[in-house]
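This briefing covers the core, the sheet and the helix packing of one protein model. Please look at the sequence and the 3D view before reading on.

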Amino acid sequence: MKISNSNPMFSYSALSEYLIIALPYAEIGEEVKQIKKDFFQAYGAYPGQNSCGHIRLVSFFQFEEREEKILGAVQSVLDQMTSFEVFLDGFGFDGRRRDVYLDVLNKGSLKDLYDLLRLALFDQLVSLAFLNPNYDPRMVIGQDLSPLQFLHAIKAYEQKAYANHFRISRLHVLKRKAPFKVWESLTALPLAKTQSELLSFYE
């Protein structure tokens, strides 16, 4: 006897990994690229050395057949927010992960956005295991450094000044399939452009 199952939770379509990020202006992207290059030349190769400057929001695995619903859920969140400024202020260090990053001065808007995305994605059957309730926005320079590289990073950047800012008006969604090595750009989703557009969402 053949039993069919149309429940999307038990579909056998391809599993993909998705990543939602905010990108800075090209000028800041070039500055981050130069910082990464300088660190590589001084202290050797490290994870994340070739990635572009970005602020990571969420990443998760999901079946491809749910992709349209996932993107729709993300867009519904963005429709509730207007664009906002992000201020980068100095270097920070995560000793647990041995990461070095550019810190975000005004974390509130990014945290609010993350919380809304977290709820919307959970509603679309994305496991909470992928979603961090203690999200701390940052622009990572290098991650999972060796112990020696991490000590060099602290010494080189602890007193080094950096300040810049950019406006987030859209989020970028990246995607990669097994064996999950190369990210591809899937789409860019806009935030509400004006206050009137935001108000129309609630009418």
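The largest nonpolar core has 48 residues; such a core is a set of buried Ala, Val, Leu, Ile, Met, Phe, Trp, Tyr and Cys residues joined through side-chain atoms within 4.5 Å, where buried means under 20% relative accessible area with a 1.4 Å probe, protein chains only. Residues with the most contacts inside this core include Ile55, Val86, Leu113 and Ile168. The model is predicted, with local features needing pLDDT of at least 70 and side-chain atom pairs pLDDT 80 or more, while totals for chains, interfaces and linings use all residues. Residues are numbered from 1 along each chain as its sequence is written, and side-chain values use heavy atoms, without hydrogens and water.

**Sheet**
- Four strands form an open sheet in the order β5-β4-β3-β6, with antiparallel pairing (strands are DSSP runs of E, at least two residues, numbered from the N terminus; a pair needs at least two bridges found by DSSP).
- The edge strands, β5 (138–142) and β6, each pair on one side only.
- Six bridges join β3 (residues 84–94) to β6, and Val86 has Phe166 as its bridge partner in β6.
- The covered face of β6 (residues 163–168) holds Asn164, Phe166 and Ile168, whereas Ala163, His165 and Arg167 lie on the uncovered face.

**Helices**
- Ile70, Ala73, Val74, Val77 and Leu78 in α2 meet Leu113, Leu116, Leu117, Ala120 and Leu121 in α3 (contact: heavy atoms within 4.5 Å; helices: DSSP runs of H or I, at least four residues).

Definitions and conventions. Buried < 20%, exposed > 50% of the residue type's maximum accessible area, 1.4 Å probe, protein only.
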